[in-house]
Amino acid sequence: LWVLKRLADGTFHESFAALKLRGTRSGSGWEVMLDDVNAVFNFKDMSIDYRAPMLPATKVAGQGRFEYKTETLDVDIDTATMGGLSLYDTKLTFANIITEGAGQADLNINVRGDVKDAIDYVALEPIGFKPKFDAANSKGAADMAIHLAFPAHPDLHVEDIKIEVDGTVADASIPRVVKDFTLGGGPFRVQIAENVFKASGKGTLDQTPIDFDYQTFLFSKGQKYKDKLKVTLQADESLRERFGIDLSDFVRGAVNADVTYTEYHDGRAEADIRADLTPAEFFISPFAYNKKSGLEAKVTLKASLHNNILQAITGLTGKAPDFSIQNAGIDFRQHKGESQASVIRLPSLQIVDTRGSGTMRIDPLGAQSIDFTASHFDLRPFVTMDEAADDRNYNAPPVQVMLSAKQLQLD
């Protein structure tokens, strides 16, 4: 039998079998037929090897039952090792094992151990998970339920094996999950089924608390995207700086954000962001606008990246006290290793009493050129700026404004 050929070593003990025989007289003798066999056995120190490169189970101890009429072999494993993982509460069922070519294996395996050993296991066939993080230096405690189903015959192919994994990772330290950030904490839930790998839970990105839901494909060819990450976090200035996103011309302080990040096959990526700027200070210096921390402000936008570099923001829509913006866009340049705003398009903008649309261009040194068309334009911030300017002490970048307005407010 194929099943028995997968078993090796070990010692059987406390075993018995019940046989039902039927005999008929044939000439001067008897013809004996086997009607049924029921066997129960205990074993220890056994090895089970289904197919390379699947890890074999060694030092296996447990109990088994064989029923001849149903052609079923059930094996309950109490303890065993598989690579660096420990098996527990594991049940193996082999059906139709006598009928040639009809055998089926259904394995429900529970394992626990170090997360690095769990990563090594799911990296092998038939799962073939290819981690993008630093697997070699990952730490944590993994506990996984693995379900394998496949035909029990010698010519077994990877595509014949159906596999599901559902487990947890606790006390995690997973380096380089994004850039040089380490994912920590947990417990995180990990699932694998039908070519999809999922991970989710609450933890920390370095020291920043996050709530995330990640999905990727074991084989992404032909899929609409490669990876998708949904995350909730608070991004302070230090975190934004490490991601290479410079918003210092407009935002100071922490921003609460819900982000859905999708990576495609050609190096493109998109981030749909819903941000709560209430904890932050939000300002637009040329218009002398400053929303203080604690005042409510909401923003939605889509960020477009290529090879992990921020290229543009589109669909920027937001509302704050005395401020609203609709469907704005920002183009970015790379400057000293950071994405820096270069062009800001404002189809619909309201800042206090100013209402209109326009374009702002910012050079690498911070000089601003504004072309604005307004139904009402409050000129007072610019007049005050000119009056307060002192050539001997003025250090801010220059601002040039081209304005077309139906109404100008000067006082």
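Let me begin with Asp258, which is found in strand β14, residues 255–263. Please bear in mind that we are looking at a predicted model. Asp258 is partly exposed, because its relative accessible area of 39% lies between the 20% and 50% cut-offs.

What is Asp258 in contact with, leaving aside its neighbours within four places in sequence? The residues are Val231, Thr232, Asp272, Ile273 and Arg274. With Thr232 there is a polar contact between the two side chains, at 2.7 Å. Ile273 is 15 residues from Asp258 in sequence, yet the C-alpha atoms of the two are 5.7 Å apart in space.

I turn now to helix α2, residues 115–123. Its buried residues are Val115, Ala118, Ile119, Tyr121 and Val122. Seen down the helix axis, these buried residues fall within an arc of 160°, so they line one face of α2. As for what that face meets, the buried residues of α2 pack against β4 (72–82), β5 (85–95), β6 (104–114), β7 (139–151), β8 (162–178) and β9 (181–193).

Finally, a sheet. Three strands, in the order β13-β16-β17, form an open sheet with antiparallel pairing. At its edges are β13 (251–252) and β17 (289–291), each pairing on one side only. Between β13 and β16, the latter spanning residues 281–284, there are two bridges, and the two strands run antiparallel. Which residue of β16 is the bridge partner of Arg252? That partner is Glu281.

Conventions
Residues are numbered from 1 along each chain as its sequence is written. This is a predicted model: local features need pLDDT of at least 70, side-chain atom pairs count only at pLDDT 80 or more; totals for chains, interfaces and linings use all residues. Side-chain values use heavy atoms; hydrogens and water are left out. Buried means under 20% relative accessible area, exposed over 50%, partly exposed in between (1.4 Å probe, protein chains only). Helices (H or I, at least four residues) and strands (E, at least two) are DSSP runs, numbered from the N terminus. The arc is that of the directions from the helix axis to the C-beta atoms. Contact means heavy atoms within 4.5 Å. Two strands pair if DSSP finds at least two bridges between them. A polar contact is a pair of N or O atoms within 3.5 Å; within protein, one must be able to donate a hydrogen and the other to accept it, and residues adjacent in sequence count only if both atoms are side-chain atoms.
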